[in-house]
Amino acid sequence: MLCRTALLPSLRSPGRFWRQSDVAGSHPCFLAPNLVLRNKSARGWSNIPFITVPLSRTHGKSFAHRSELKHAKRIVVKLGSAVVTRGDECGLALGRLASIVEQVSMLQNQGREMMIVTSGAVAFGKQRLRHEILLSQSVRQALHSGQNQLKDMAIPMLEARACAAAGQSGLMALYEAMFTQYSICAAQILVTNLDFHDEQKRRNLNGTLHELLRMNIVPIINTNDAVVPPPEPNSDLQGMISVKDNDSLAARLAVEMKTDLLIVLSDVEGLFDSPPGSDDAKLIDIFYPGDQQSVTFGTKSRVGMGGMEAKVKAALWALQGGTSVVIANGTHPKISGHVITDIVEGKKVGTFFSEVKPAGPTVEQQAEMARTGGRSLAALQPEQRAEIIYHLADLLTDQREEILQANKKDLEEAENKGRLALPLLKRLALSTSKLNSLAIGLRQIAASSHDSVGRVLRRTLIAKDLELEQVTVPIGVLLVIFESRPDCLPQVSALAIASGNGLLLKGGKEASHSNQILHLLTQEALSIHGVKDAVQLVNTREEVEDLCRLDKLIDLIIPRGSSQLVRDIQKAAKGIPVMGHSEGICHVYVDLEASVEKVTRIVRDSKCEYPAACNALETLLIHRDLLRTPIFDQIIDMLRVEQVKIHAGPKFASYLTFSPSEVKSLRTEYGDLECCIEVVDSVQDAIEHIHKYGSSHTDVIITENEKTAEMFLQHLDSACVFWNASTRFSDGYRFGLGAEVGISTSRIHARGPVGIEGLLTTKWLLRGENHIVSDFSEQGSMKYLHENLPLPQRNTN
């Protein structure tokens, strides 16, 4: 039985970086000869919950898409030398190794069958032999000189086979100790290339592995480097791959065992189209057989026998045998702790090998096309961009029947599946009136777009003949992610066209038919001036989280959907700014001097006109002195007639003998015919309540007192603050912007409904005549003027 007592403290935290003395050599079990199987007791020690995942798959063809990898049942994880060893190549990267064991254990405990092909025996043995040689030399030198002082000692070159022999037992003992923490048993198997040439040995190996997997044991396989002969060049047999290194071993093993997935971990992110580190190197997301001609291979890893060319050869051989392959980085400190589980979950990590080429471009190619198309769009004359938008508006009305027919398919599918809530079904539905309103909004955008790009905001005469201008320019490539809102597509497209931005659109699959026809109409409109590629619709199985990682291709993300969607995108975005709001907790404050007629009209419209909208009323604040007055009674009666469910705030509940259900949180966005009622003592109290519980979206005061209203308008820090008007006016179309890409509650760049202006940034243009900075020094001939110059007259037609 494996002794555990000395190992528990240091092995309990996989992320910790262990000293060698913490593990190897600190306990007798690390020095004992390796056993094939270890005891599988101590179930209670596992800190990974056992989750049964429904996994069923008939082996034969590899997975076509990353999203299918979550169905992988049998998985081989190959750990390259660079992953397992430290940077000095003497010893193991223990913290990294422990993290890998934790991930493999998690997948094993989900019901998958995990196998590991590992390097590291040579490095581990090298460390032990160096330690022994140093110790031996120091003893001899001390005896010879009679002194304890040591001089510089040269360590001889260590033969790799001897290092492997010295390191195998310790490496396996380390794996066993780590797996024991998750109540998992591990078994070691050493093989050579000759074992695969002998049919009887192959059958024995296959039977052994199947039996270990049947008993829920993780096999740990390695080439027997203590006896393995040097690799022979071009020694592959016809239709077979020779086991020259652990890459070829992993591929051979994966095919022999009919595994679903082979994960190859190395010290690079994956496969690049040119050597990593070169200026133009780009990570290849999906690699297809036959693409080798487009790839230039660099030098091999700092350690180990195989380079990237060997990994690709092994991966393609495994792919041909029906096993999916992903090559990824297992050394990066930010991702190594979850790289294996991310791959199995289908996330975009490393390079995925697939035999199925998609019909259209990849999302990376679409982003590049959008950037190129956006630049061409920005170079058009303002009248040409307006003409595109006018044409799109005409297409929305001319092709009304086709659009509504596609939308009907989406609605029928959504209703049949029963997965969409009623508010989302309402957002999904298009109608003739909606399309007419869309067309009107688009024409407003076209009319107001003539001086949006290239408008001069500031002119300064820096010095004689040195003039500076600040002008508006597009942001670049926008990624707009939207749920159940097909009408969002033409709105956002028109705003992107008007502002000269490239656009990537990712709509929900519940609106796929509607989005498809609306995108085709958008591209038809763009084609009149040859900029069809400027607006791209992402139709691949791309996960939102993967899109949010394209920081080199996307400049701004704009989510349109539920608060959960916005929060998820804000969390997932890596280095890309996100414009939007996570919640629309809008307030209406009814002041002591409010008009009865205005209160009922504004509150009804704010809550009941479209309760699913982000600008709908969620919390109604009422001045304390209005309780038990006719105005309060009329508000309650109106809400009852409209079938609005009322939740009582804590202060409001304290005034009532029999109150409605008390609110669970004052920060709730209901999105339905529900609202919270709370009592406040004054306008100042209302402002403080909104600052504490609101989302800085839209807030309203109803009062006849102008001084009180102005205090509310000036002191409340929200994107939209209204006096005697419904919250529902917080909308780009109603503001006269034509449409909006969303409502922003952030403090920088755009705030409130975001139209064309919010999709522009600026650049500085400096025009000179042989000016240099040294001319402006104390001894120079030039002086700074910094005079403001008049701006060119804006085109208001």
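View 1. Helices (H or I, at least four residues) and strands (E, at least two) are DSSP runs, numbered from the N terminus. This is a predicted model, where local features need pLDDT of at least 70, side-chain atom pairs count only at pLDDT 80 or more, and totals for chains, interfaces and linings use all residues. Residues are numbered from 1 along each chain as its sequence is written, and side-chain values use heavy atoms, with hydrogens and water left out. Of the 797 residues, 53% are buried (under 20% relative accessible area, 1.4 Å probe, protein chains only). Take the contacts (heavy atoms within 4.5 Å) with a separation of 6 or more: 76% of them come from residues 24 or more positions apart.

**View 2. An open sheet of eight strands.** Reading across, the order is β3-β4-β2-β1-β5-β7-β8-β6, with mixed pairing; two strands pair if DSSP finds at least two bridges between them. At the edges sit β3 (186-191) and β6 (286-287), each pairing on one side only. β6 runs parallel to β8 (351-353), with two bridges between them, and F287 sits opposite F353 in β8.

**View 3. Strand β5 and its partners.** β1 and β5 run parallel, joined by five bridges, with V77 opposite I263. β7 (324-329) is also parallel to β5, through six bridges; here V264 has I327 as its bridge partner.

**View 4. Two helices on the sheet.** Helix α3 (94-108) lies across β1 (74-79), β2 (113-118), β4 and β5 (261-266), at about 155 degrees to β2. Angles run from 0 to 180 degrees between N-to-C directions, using axes fitted to C-alpha atoms, for helices over the stretch in contact. Helix α8 (246-256) packs on the sheet too, touching β1, β2, β3, β4 and β5, and its direction makes about 135 degrees with that of β4.

**View 5. The lining of the largest cavity.** A cavity here is a set of points on a 1 Å grid over the protein atoms alone where a 1.4 Å probe fits but cannot get out, and lining residues have an atom within 4 Å of a point. The lining is T118, Q168, L171, M172, Y175, Q188, I220, I221 and N222. α5 (160-180) and β4 (218-223) are the elements giving two or more residues, and α5 gives the most, with four.

Conventions. 1 Å grid on protein atoms, 1.4 Å probe; cavity = no way out; pocket = protein on both sides within 12 Å on 5 of 7 lines; lining within 4 Å. Buried < 20%, exposed > 50% of the residue type's maximum accessible area, 1.4 Å probe, protein only.
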